[in-house]
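This report describes selected features of one protein structure. The sequence and the model are shown first, and the description follows.

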Amino acid sequence: MIVVMRTGATGDEIDEVRRTIEEHSLEAFLSVGEERTVIGVVGPDVERVEHIHSLPGVEQVIRVSKPYKLASREHHPDRTRVKVGSVEIGAGAPLRVMAGPCSVESREQVSATARWVRREGASVLRGGAFKPRTSPYQFQGLGIEGLELLAEAGAGTGLPVVSEVTDPGQVEVFDQHVDMLQVGSRNMHNFVLLRAVGQSSKPVLLKRGFGATIEEWLMAAEYILSSGNPNVILCERGIRTFEPSTRNTLDLTAVPVLRELTHLPIVIDPSHGTGHRSLVRPMALAAAAVGADGLIIEVHPDPPRARSDADQSLSFPEFGDLMDDLRRLEYLREPVAAVAPPSVAAPVELERLRDRIDDVDARLAALLEERAHLAVAVQQTRSSGDHGHDVARERALLERAAASEGSVLSAQEREMVFGSILRASRSAQRRSSAAAEKTAGIEVAASGSGPAA
Ligand code: PEP
Ligand code: MN
């Protein structure tokens, strides 16, 4: 920290500043110029003498290092990887997707969602049990019962779970039920809560306050870190601006900005960030492209009937489509095989050639239908917890397609065709699976064995 004295500050004023610095066990280095004196302050926690700016003769106090030490990259240049259950997030780990309902509403709702998101490749299950709602008349969450149902759905699918804690007194019970504690946007400035989660042994997902600057957010992280918990993940969920077409303005620049300032992992929440189902997918893809370590997405079996955040929750098929697109981004990052040299056949009789093309198209349509039937049969034969498609086999197929030599189609064109076939098959599988889930739900309701929502 540097203290700049006013021009003409007296010797007594300068001495008083120096004494104050030394009284706090810090060192003062004076640099006496022709017009003014500048004093360098060195030592741990220089913020303790920030009040110097109000002493007589002081013009300005300039902070040189970041006010957040434990969170800063300055003091911790290597990026941190945080473990949530067995899932690692940040510092070179693959993009992780956390997904689940805004609120836990019933056993059926959260367990069906858990099975679905796991099958589509999510790594962590989310679900609110204590909901910080704007109105006291809105659904407030199922409380402890919600936490228990979430934990049960997590255990049933093998997914670690995250849920929002709203009161310091809840930390103990959260520690027993969840793998990560979420501090919501409305509580980012709740310093008592920040200190309480700082004493938890579980990692913390710290959402950005909707009116907070990045520095204030990092200072909130500092509260948790300095209370003894080193496992903090930051979550950008949109800030309030003058723009009314979205619920919040999703600040994706926060990702590269935070990369420079902090070593902590960064997750993006495009659900709360936009407030609209149709905007979740594009912003999730943008977040992945800009280098987020993870995404957190709201998914519901029947979005229009969700008891909170219905407008921004994705349906099962919509979530599946998003995951497909994210997977395709991974493909794009892989090196593309060299383009095979084209071999052009000389055209003979136009009519005869067109007839043959029609014939091939008819056979292709029949083959596609056959493939989709087989894919749906595979889906129905699998146990319900299995991942809906075998990513390794799909990759192998695309790699084979890209590697065939001597084809008229380029590697990218063949990849494009096979990619579309795979997406269409998955989409048919998903529809069949969603219909089966619905039937199972109706049967449970009819038998009266499920608890009421
Ligand atoms: C939530 O994740 O359900 C939530 C309430 O988020 P936020 O604190 O970002 O509004
Ligand atoms: Mn929500």
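Asp 324 is buried, with a relative accessible area of 2%. This residue forms a salt bridge with Arg 430, the closest N and O atoms being 3.4 Å apart. Because Arg 430 lies in helix α13 (residues 411–447) and Asp 324 in helix α10, the pair ties together parts that are 106 residues apart in sequence. Arg 430 also counts as buried, at 3% relative accessibility. The model is a predicted one, and the values below are computed from it.

**Salt bridges**

The structure holds 25 salt bridges. Side chains of opposite charge can pair when their charged atoms come close.

| Pair | Closest N to O distance |
|---|---|
| Arg 36 and Glu 59 | 3.3 Å |
| Arg 430 and Asp 324 | 3.4 Å |

Asp 325 and Arg 328 both belong to helix α10, where they are three residues apart, about one turn of the helix. Asp 325 is buried at 4% relative accessible area, whereas Arg 328 is partly exposed at 39%. Salt bridges with shared partners also join Glu 120, Asp 321, Asp 324, Arg 327, Arg 426 and Arg 430 into one network.

The salt bridge between Arg 36 and Glu 59 links distant parts of the chain: Arg 36 is in the loop between β2 (27–32) and β3 (37–42), and Glu 59 is in strand β4 (residues 58–62), 23 residues apart. Arg 36 is partly exposed at 30% relative accessibility, and Glu 59 is likewise partly exposed, at 42%.

**Manganese site**

Which residues coordinate the manganese ion (ligand 2)? The donors are Cys 102 (SG), His 272 (NE2), Glu 298 (OE) and Asp 309 (OD), at 2.0 to 2.4 Å. Their spacing in sequence is C-x169-H-x25-E-x10-D. Cys 102, in the loop between β7 (96–100) and α2 (107–119), and Asp 309, in the loop between β14 (294–298) and α10 (316–333), are 207 residues apart. Cys 102 is buried at 3% relative accessibility, and Asp 309 is buried at 18%.

**Backbone and surface**

Asp 309 has a positive phi of about 50 degrees although it is not a glycine. Ala 91, also not a glycine, has a positive phi of about 45 degrees. Ala 91 is located in the loop between β6 (87–89) and β7 and is partly exposed, with a relative accessible area of 24%.

On the surface, Glu 351, Asp 355, Asp 358, Asp 359 and Asp 361 form a patch of negative charge. Asp 358 lies in helix α11 (residues 350–381).

Notes: Residues are numbered from 1 along each chain as its sequence is written. Chains are lettered from A and ligands numbered from 1 in the order in which they are written. This is a predicted model: local features need pLDDT of at least 70, side-chain atom pairs count only at pLDDT 80 or more; totals for chains, interfaces and linings use all residues. Side-chain values use heavy atoms; hydrogens and water are left out. Patches are made of residues with over 30% relative accessible area and no salt bridge: like charges are joined within 9 Å, nonpolar side chains (Val, Leu, Ile, Met, Phe, Trp, Tyr) within 5 Å. Accessible areas come from the Shrake-Rupley method with a 1.4 Å probe; for residues, only the protein chains shown count as cover. A salt bridge is a side-chain nitrogen of Lys or Arg within 4 Å of a carboxyl oxygen of Asp or Glu. Lys and Arg count as positive and Asp and Glu as negative; His and the chain ends are not counted. The place of a charge is taken as NZ of Lys, CZ of Arg, CG of Asp or CD of Glu. Helices (H or I, at least four residues) and strands (E, at least two) are DSSP runs, numbered from the N terminus. Donors are N, O and S atoms within 2.8 Å of the metal (3.2 Å for Na, K and Ca); water is not among the atoms, so sites may look incomplete. Buried means under 20% relative accessible area, exposed over 50%, partly exposed in between (1.4 Å probe, protein chains only).
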